[in-house]
Amino acid sequence: MRAYLGLDVGSVSTNLVLLNENGEVVTGLYLRTQGNPIRAVQEGLAQMEKQIPAGMSIAGAGTTGSGRQLAATMVGADAVKNEITAHAVAALNELPKVQTVLEIGGQDSKIIILRQGVVVDFAMNTVCAAGTGSFLDRQAARLGVPIEEFGSLAERAQNPVRIAGRCAVFAESDMIHKQQLGYPVEDIVAGLCEALVRNYLNNVAKGKDIQAPILFQGGVAANVGMRRAFEKALGFPVIVPRYHAVMGALGAALLAKRAVAGRHSTRFRGFDVSRWRFDVSSRSCGGCGNQCEVVEILGEGKLLARWGDRCGRWSSFVLEAAGK
Amino acid sequence: MRIGIPRALLYYHYHPLWSTFWRYLGLEVVSSPPTSKEILDQGVSAAVAEACLPVKVFYGHAFYLAPQVEFLFVPRLVSAETGTYICPKLMGLPDMLRHAGRKLPPLLSPTLNARCGPRAWEEALTRTARVLGFSAGQAKRACNAAAAEQARYTAKLGEGKTPLDILSEGKEDKEGGQDQNLGTQKALLLLGHPYNLFDDFISLGLLRRLRARGYRVTTAEMLSSRLIAEEAARLPKALFWSLGRLVLGAGSYYLRSGGVAGIIHVVSFGCGPDSLVGELLERKARRAGQLPFLLLTLDEHTGEGGMVTRLEAFLDMVEWRNAS
């Protein structure tokens, strides 16, 4: 049986999805990137190899996320796509009539507006990461609440307090003030969710035409408090797909499936990659005043790719990159 | 005598006029090379933190030229056409530069203010030439030669060349230029201030990237000033920022007439006038609803990831729409 592998290598998490020929998810994996995307990809591949059902082989692989080029170089990819397109493709697969996708990940958040199955507008957060997953993580840890219980705690709130959501630093000091005044923790947590939703709608979704059906994707969608806060602010039901945390990887797998349609070959190097030795080195090129920081990726001692230069002097010399 | 003209800010609009004027008078004109990391670092380390990136880049170019020339040409640009103003930071540029705490050669800073009359630029340049000992007659002839050269430049822009294409004419590593026959589906309107769009380093190669993806790039400089004035007159209130007027005029022209598959608006982080103009344009684009629109905010990034992700997603959106 043919299967398709999608990898989403983000700043906070690295996700893998295995898709069967019918476009159904066989396995979804969610790992922490922890600042080491190479190790996260290898670890993900090793886990996936153990879970792949017998008789199933990878017919295509796709990568997305901020680490998509690196991941594609490592595993060999048939599709390399930005995370906006990957999320949109996955959302359309989930719900063909979807008109709005809210996505909040570890360090970025985006909104995608679709009409009649086509992306017509999108935005990503610019300078501020307030309200993304990392900030919620941090606040949960500070309040001593496991992040998994954050949402259900917010749901129990009787009277959410108002928290300043414009800036993560302001939000944190506001929360501390409210705590010191003795407000119940669930009211503070619910207030925080509302503040983050306000911030998202004012900054990321600024002026966008939000219409139902609305899908809420990304790791933060697991937080029921955030979902309720969105529903309260928007006045529409907000749908959280079953595989919300790995939608980027799901989109990458779907794009890989499209890319290899009608072909019987894939660039995927196989699960052996999880045992390869990868080396990276970087150096400053002295060719001109730009002093570009050139990075080299080596797998099993062989040069796989180079990038980071502006002029192409180094990056055009690619031996086995995903593009070949 | 050697005079230095920094390759920054409105150099991209007026370098034929300025260099021809001084060259005609027999001065040796030296321009700084295209922006590099060194030049940017120099500028960023000396400029006040609140200045926008283009101003910091200007500092870097001025410092680069300083040891090589006897004079630096840093005009005080107040107004380029009657009824409009240039950004106040450009008006105060010679003063800011003088107080940057670096050793600089004397600055030649004529006040170029078209609000003082149709011949105000010529009169100001003449006064500056007189200070250097040239006669009024010599200055007059230099002005005529400069105006003719500037007119030739404007004509070339009208043929669909960008300032960057014209600057690199006759150079070994010249810009590839573009296929003017590409139709609407393969044409994009690139809007923004010239010192962002045509500085390859600051724009992270935006123009090159779009052309490499097979697009013909149109900019506001390619439209006649009469057409821009007509479009600007449709606004409920006259817009007095001249660069904003150019952006908005070109944007509304294409929103009305079609002829491109999408619009990309590039702004500097923290640009005052663009916070208004960008918003006006985005609202206009959304109301018209026909063309995909992308707002790209540039600052000191040398990591291209954020820009590339947004750009790729935007081009996917354009291609997706074209296909549907």
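Let me start with the buried residues of H14(B): B:Thr309, B:Arg310, B:Leu311, B:Ala313, B:Phe314, B:Leu315, B:Asp316, B:Met317 and B:Val318. Buried here requires 20 or more other C-beta atoms within 10 Å of the residue's own, with exposed at 12 or fewer and partly exposed in between, C-beta atoms being placed from the backbone. This is a predicted model, where local features need pLDDT of at least 70, side-chain atom pairs count only at pLDDT 80 or more, and totals for chains, interfaces and linings use all residues. Residues are numbered from 1 along each chain as its sequence is written, and chains are lettered from A and ligands numbered from 1 in the order in which they are written.

What do those buried residues pack against? On chain A, helix H3 (83-94) and strand E8 (118-124); on chain B, helix H10 (206-212), strand E9 (262-268) and strand E10 (293-298). Helices (H or I, at least four residues) and strands (E, at least two) are DSSP runs, numbered from the N terminus.

Now chain B as a whole. It has 14 helices and 10 strands. Its C-alpha trace spans about 65 × 40 × 40 Å along the principal axes. Of its 324 residues, 49% count as buried. Among contacts (C-beta atoms, placed from the backbone, within 7 Å) between residues at least 6 apart in sequence, 69% join residues at least 24 apart.

Definitions and conventions
Two residues are in contact if their C-beta atoms, placed from the backbone, lie within 7 Å.
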